[in-house]
Amino acid sequence: MNQETTTLFRGSVRLLVAVFALCVASAAWAQQADVTLNWKDADIRKVVEAVSEVTGKNFIIDPRVTGKVTLLSATPMSPDAFYEAFLSILQVHGYVAITSGPDDLATQVVQVRNVGATQLVPILRPLIPQYGHMVAHAGSNMLIISDRAANVARMVAIIRRIDQASDEDIEVVTLEHASASEIVRIMTALAQTPRADGAPVTTSLVADARTNSVLIGGDKSDRLRLRTLIAHLDTPLEEGGDTQVRYLRYADAEELATKLQQHFTAQTTGAAAAAGAASPPGSAVSIWADTQTNAIVVNAPPKMMRALTQIVDKLDIRRAQVLVEAIIVEVIADKTAELGVTWALRDEQGSNTPIALTNFPDLGPGVVQLGSAAGSDGAIDPSALIGEGITVGVGRISDSGISFAAILKALQGDADTNIISTPSIVTTDNEEASLNVGQEVPFVTGSFTNTGSTTGSVNPFQTINREQVGVKLTITPQINEGDSMLLKISQEISNIAQSAAGAVDLITNERIIETTVIVDDGQILVLGGLLEDVLRESDQRVPVLGSIPGLGALFRSRKTDKVKTNLLVFIRPKILRDSASIATETNRKYNYIRDVLKEQEGSGIQLMPKEDHFALPPFEEANRSAPEPEKEDE
């Protein structure tokens, strides 16, 4: 055999594995009925025969495969499940079934030139899996390796790197993939472990960052062991390189890059501080974001690169969304009743001072105010002083004798306010969202007029303040484990009140709820409300005279207000975990609006007989025009 030739043997060397290969596999598993297993202390070879018959696979069994198998199944098993159970049996007994294919088991003979093959066996054996095999042929200084083809090729590459002639006391190992400082840190920690024979550790390692090399000094056999481990560690990453570009699907690249940079910087600094040394030059982590492509660019040592990749995999996920529907019900009943009499007497032959009069502020403008307005030469319109309800006046005005006037004012008012609103909003988990539906209402806050001014022409004006009136909803959902969620809610409802009594300006009702609740998916929860009954009675009268039965009504004014308020606020949150649930909710809302528009189609448009009402296409048609969503990774 030529020493420069590597010979590949298949099946010529006995392996330390239970099952060597599934060498001839059928194109498809045999279509058989489900099987029910009831094995107790069955011979493992009989089990292999049964598996071959059910699955249609051929097996080559090592002669050393022995053992008893117990497997019970309460329900029938499919051929796929039967084969998985078989693999579990092999694993329990320390065996393995290896499928023949692109990564077949291979046996390779490697010629070693500069070091002893027997020296390499104890060093390289830990790198071979349990089912693999390595043996040295001392006479020819060769190594025989049996393993999967990929691992055999990897072992050959390691052997070629350590099979170098070196009679010097210091060796220089140039690294191709790993960081020299990181390798030295690992190997130094390993070298501090006491040897089994009790001999002192005489090796030393130094990293040269400029050439990315490791300098090894010490005993020749120890240098060989260290050189082997370094060759094993100096392997490329599965995804290649110390710099990677990771495109994000859901997370924000700029925000995630900042958090990752802070995390790994603190981790590196903390580890160095615990060790009492400065951070190694090769352990620095650099992470920056490219906002245009929503990607992060990472430069890190292999260990941190793997940890960072795992973190990104956990964070770059599609977050669930929450649809929150609020149901606001408000019923207000406002009733008012007023009844009162005011009168005045005056003697024209005497002074102009009234002889007697009554005046009740709760009743509004009375006979005195109306009389003063009537006698002001038209400067004030007396009709503007007549309030709501019915006003009846009687009297006698004479140039001589006694003049009198009396006004009867009566009012009964009923005001009912019924409000039902259902605002809804969708937001991502742990993201605040707000909804504001309403209008700006002007309120007069002051005025100025130049009536009777002699200083010059000044334009009259009013000052107005505009305030929001409507529905405001602000939520921040946090989805917990399962189907419950924590909701931070701020709900504000304001509207213009239809009061039964008059007012100087508009009256607004305002209801505000700010709370944090826990609610299950799809559950209706009452946030709060107000059930209020208010009764106000006012009775103004002239002392003594107002208490006379019958006649006392002329000296009395009464007013009664009764207000009943029923207000309740409900919420119904729903978790939207995928695109299907989003489409379902959107379809429901879309079809509701479409049905409302369809109800108006037959009525036509007034004064525009040739025009049609607005219409929406079916949801399926409208949704089909949008681009198809990307399929999620399974």
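A: Happy to! The expected span of a helix is 1.5 Å times one less than its number of residues. Helices here are DSSP runs of H or I with at least four residues, strands are runs of E with at least two, and both are numbered from the N terminus. This is a predicted model, in which local features need pLDDT of at least 70 and side-chain atom pairs count only at pLDDT 80 or more, while totals for chains, interfaces and linings use all residues. Residues are numbered from 1 along each chain as its sequence is written, and side-chain values use heavy atoms, without hydrogens or water.

Let's start with helix α10, residues 579-598. Within α10, S581, E585, Y590 and R594 are buried, where buried means under 20% relative accessible area, exposed over 50%, and partly exposed in between, using a 1.4 Å probe and protein chains only.

Helix α6 covers residues 220-233, and its 14 residues reach 20 Å from first C-alpha to last, close to the expected 20 Å. The buried residues of α6 are D222, R223, L224, L226, R227, T228, I230 and A231.

S179 lies in the loop between β9 (170-174) and α5 (180-191). S179 counts as buried because its relative accessibility is 13%. D234 is 55 residues from S179 in sequence, yet their C-alpha atoms are 8.4 Å apart.

Now for the sheet. Four strands form an open, antiparallel sheet in the order β20-β21-β22-β23, with two strands counted as paired if DSSP finds at least two bridges between them. β20 (433-448) and β23 (508-520) each have a single partner strand, so one side of each lacks a neighbour in the sheet. Neighbouring strands are turned by 15 degrees against each other on average, direction ignored. Strand β22 (residues 484-496) runs antiparallel to β23 and is joined to it by 13 bridges; S494, for instance, has E510 in β23 as its bridge partner.

Finally, the surface. I390 sits in strand β17 and counts as partly exposed because its relative accessibility is 48%. Strand β17 (residues 390-396) gives three residues, the largest share, to a nonpolar patch. The patch consists of L339, I390, V392, V394 and L408, with about 420 Å² of accessible area together.

How values were computed: Axes are lines fitted to C-alpha atoms, for helices over the stretch in contact, and angles run from 0 to 180 degrees between N-to-C directions. Patches are made of residues with over 30% relative accessible area and no salt bridge: like charges are joined within 9 Å, nonpolar side chains (Val, Leu, Ile, Met, Phe, Trp, Tyr) within 5 Å. Accessible areas come from the Shrake-Rupley method with a 1.4 Å probe; for residues, only the protein chains shown count as cover. A salt bridge is a side-chain nitrogen of Lys or Arg within 4 Å of a carboxyl oxygen of Asp or Glu.
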